[in-house]
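Please keep the sequence and the model in view while reading.

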Amino acid sequence: MFLKKIDVVAAIIQCGEEILCVQRGPAKLEYISKKYEFPGGKIEAGETKEFAIIREIKEELYLDILEPKFFNTVNHQYPDFFITMHSFICLIEHKDITLTEHIDQKWLKIDELDGLDWAAADIPIVQKLQEDYI
């Protein structure tokens, strides 16, 4: 069976000592339904990863980010698709966001991140953040 391959970007949005965690809404796919994730989305044809993360965060959160800095890349196989997720640290100065695609948001310190029910592909990002910054 051939699995669909998806290339996406994810933003690790940091304000002061806290990181933005957003919760997906209910989904047909149980393994991502209501899970927490780092916001982001698919890279469109012809886009750089940096442009994609800036565009996605503007669309999802009405937030302008400047100078996203590459953090890591995660490859994860879900039951129905394979995802390559490129994460970027995005520093912001205020927490004024508008959720357009998610049902909840939490601002947590890095050592609190593992208390959430994360989407599987986001877990390696949480682990690396905790290894690098705690």
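In helix α1, the residues A52, I53, R55, E56, I57, E60 and L61 are buried, where buried means under 20% relative accessible area with a 1.4 Å probe and protein chains only. Helices here are DSSP runs of H or I of at least four residues, strands are runs of E of at least two, and both are numbered from the N terminus. This is a predicted model, in which local features need pLDDT of at least 70 and side-chain atom pairs count only at pLDDT 80 or more, while totals for chains, interfaces and linings use all residues. Residues are numbered from 1 along each chain as its sequence is written, and side-chain values use heavy atoms, with hydrogens and water left out.

An α-helix has 3.6 residues a turn, so residues three or four places apart point the same way. The cover over the buried residues of α1 includes β1 (4–15), β2 (18–24), β4 (40–42), β6 (81–92) and β7 (102–109). E56 lies within α1, which comprises residues 49–61, and has a relative accessible area of 8%. Beyond its neighbours within four places in sequence, E56 is in contact (heavy atoms within 4.5 Å) with G40, G41 and K42. Just after α1, Y62 adopts a positive phi of about 50°.

Terms used: Buried < 20%, exposed > 50% of the residue type's maximum accessible area, 1.4 Å probe, protein only.
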